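These are my notebook entries on what I looked up in the structure shown below. I kept them in the order in which I worked.

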Amino acid sequence: MAEVALRNIKKIYTDNETNKHRKSLFRKREEAGEKRSYNLQVTDEGVVAVQEFNLDIKDKEFIVLVGPSGCGKSTTLRMIAGLEEITSGELYIDGKLVNNVEPKDRDIAMVFQSYALYPHMTVYDNMAYSLKIKKVPKDEIDRKVREAAEILDITQYLDRKPKALSGGQRQRVAIGRAIVRNPKVLLMDEPLSNLDAKLRNQMRSELIKLRKRINTTFVYVTHDQVEAMTLGDRIVVMKDGYIQQIGTPQEVFDHPANMFVSGFIGTPQMNYFDGRLTVRDGRYFVETKGYEVELAEDKQARLKEHNVEEQEVTLGIRPEHLFITNKGIKGNVDVSELMGSSLHLHMTVGDSDVIIIVPTEGAKIDYSGRELEIGFNGKVAHVFSKKDQHNLEY
Amino acid sequence: MKKDLNKSAGIKLFISRVVVYGILIFLSFLCLFFFYLMFVNASRSNAQLQAGFTLIPGGNALKNFVNAWHDTNISIPIGMKNSFIVASLSAILTSYFSALTAYGTYVYDFRFKKVIHLFILAIMMIPSQVSAVGFIQLAFKYHLTNKLWMLIIPSIAAPSVYFYMRQYLEATLPLEMVEAARIDGSNEFKIFNQIVLPIMKPAIAVQMIFSFVGSWNNYFMPALLLNDIQKKTVPVMIATLRSADFTKFDMGKVYMLMVMAILPVMVIYVILSKSIIKGVTSGSVKG
């Protein structure tokens, strides 16, 4: 029920004792030439976790922050919650600057990865706690708690302690605790990652249903791209403290801004080929390993718009967009995985690994060990700059 | 052949059990025998006690009790009351404030946090007898002797209790829970009192028992600070009886007073033994 705006948000973990230790660790590793697991910037002020973060979250929008661990997504969420100080930049909730407002006065609720339920209280008391603090009248608390319990289907557990609940039920209680307050913004920090795969799928669809029932703004953090794609109105892909791309799931999937986004969103991962972008008679062609296609019209237009010149590029093609053909790129099938309705073929093409998805169509062909030729068409080829890995169309 | 193997394994098991039980019985005997002896002695007269020791209870228990009760140098009800006030107040305050300190250094980030933590732990290494000298001088200089709160207040600062609480917190309190409470709108003190304290209940129970017993049995400080009969605690009174002049010295009376002194502690242990065991092992295994 509120808009959230983040303006040029930056977070530096400053020099308190723990971070001094972290910083020296980073430096030592750097000096030793060791490749860091993630490229957080180390400055004299400290370790930069998030920077240049600009985002306008619309009222009642479901925003998903997604990225690998250490990309700053949780830090961003915690800054919105007020659990982490904002080093610089401005955070507005409902048009009000809240940089220095206590979490309790921001009218937000948060669901934690570990649920963080109060173990000594019953489910009812866990859910009622925030209302009790606000000194809401007892009968109203009762009404609200029961209403939320109804929505989440946990009415029969209201008298139990969290210890007596399963993981999925605890997760519901944690969500219930957040929604009883009718918060302006509901923050969720990887709420499903402690659940097993089956339960996760189930809870995911329930979150979609829940979202329709409670009208509020959601900010959801996950490292799981499937969750991001299925839940978000828009997703924000992050890496190393920077936003890589903001867009609807479809936009991010179809038009990834750079190689990182293209690789992060979509399973199995996108395949990459070294190739060349050529221009003939004002038309753009891509070529790799002797296989050449003309790019589709929309891509032609966008490349033209940016005056892209001939150059060496990285071609990105999703596994489902590669097909078997007579005249294409030669490769050997190493492993063939039957996924039910389709086959995933793991191939070696030149010196790179390629995955291609082919429909099984009833006939079970054993591809393993065979030499195949694969191809793609001009609609699905993504062209990335060799220099800075950004998508040349944008 | 197989039967033989079974047989020898059975014998081995039997022998090892005999050894283990033997050791356990011996240790139990060491622990319990002196309690038994104290009860026996409390029921014997001074003359019988002088004559030598026996394992058979005598018939003088009631007389010893009456003698102890009416001794003019001491007053059992007052001693019990004083001991109870000192022990219970210092148990409650010690565990509450140690938990609060532990919570402070665990949850909050501030400058010199580590230094403070280490400083508190370093105090553990200083025996109380060392700091007692200065403390007693201070008490005499400002005429603070014969005041029970002089025993209670200093006991609040208990590094070992703090350390225990801190370890317990590290094992049981996720910081996310504190953050959740903050978002729920709780202020910092409420978070501690309503969320953290209940979670720490087992640890607090254990430390309260230990510090209650420690304070109840404490002789050193009270003996130095208290000489007014109205303010003496039970252990000081036992010492008073023991040092009474030779003609009035009655061992039976002293033993009876000792029995009365340890009875409350024994009752506490019997009632709370389950939670003591739970508390001692908790934190070691993360549930």
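I began with the division of chain B, which is split into domain 1 (2-42) and domain 2 (64-281), with bounds that come from an automatic or database domain assignment. The model is predicted, so I noted that local features need pLDDT of at least 70 and side-chain atom pairs count only at pLDDT 80 or more, whereas totals for chains, interfaces and linings use all residues. Residues are numbered from 1 along each chain as its sequence is written, chains are lettered from A and ligands numbered from 1 in the order in which they are written, and side-chain values use heavy atoms, with hydrogens and water left out.

**Domains of chain B.** Taken over C-alpha atoms, the centres of domain 1 and domain 2 of chain B lie 36 Å apart. I found five residues of domain 1 of chain B in contact with eight residues of domain 2 of chain B, contact being heavy atoms within 4.5 Å. The two domains of chain B bury about 610 Å² between them, with 81% given by carbon and sulfur atoms; buried area is the accessible area (1.4 Å probe) that two parts lose on being put together, summed over both.

**Chain A against chain B.** I then looked up the interface of the two chains, where 23 residues of chain A are in contact with 19 residues of chain B. About 1900 Å² is buried between chain A and chain B, 58% of it on carbon and sulfur atoms. Which side chains meet in a salt bridge at 3.7 Å, N to O? They are those of A:Arg181 and B:Asp184, and the count between chain A and chain B is two salt bridges. On the side of chain A that touches chain B, helix H2 (73-81), strand S7 (108-111) and helix H3 (123-133) of chain A each supply at least two residues; helices (H or I, at least four residues) and strands (E, at least two) are DSSP runs, numbered from the N terminus.

**Helix H9 of chain B.** B:Ala180 sits in helix H9 (residues 175-183) of chain B. Why does B:Ala180 count as buried? It does so because its relative accessibility is 3%, buried meaning under 20% relative accessible area, exposed over 50%, and partly exposed in between (1.4 Å probe, protein chains only). Not counting residues up to four places away in sequence, B:Ala180 touches A:Phe112, A:Ala116, A:Tyr118 and A:Arg177. Other buried residues of H9(B) include B:Met177, B:Val178 and B:Ile183, and the buried residues of H9(B) pack against H2, S7 and helix H5 (167-179) of chain A together with helix H4 (76-107) and helix H10 (188-199) of chain B.

**Confidence in chain A.** Last, I recorded a mean pLDDT of 87 for chain A, with 92% of its residues reaching 70 or more; pLDDT is the predictor's confidence in each residue, from 0 to 100. Over residues 34-38 of chain A, pLDDT stays under 50. Where pLDDT is low, the predicted coordinates should not be read in detail.

Technical notes:
A salt bridge is a side-chain nitrogen of Lys or Arg within 4 Å of a carboxyl oxygen of Asp or Glu.
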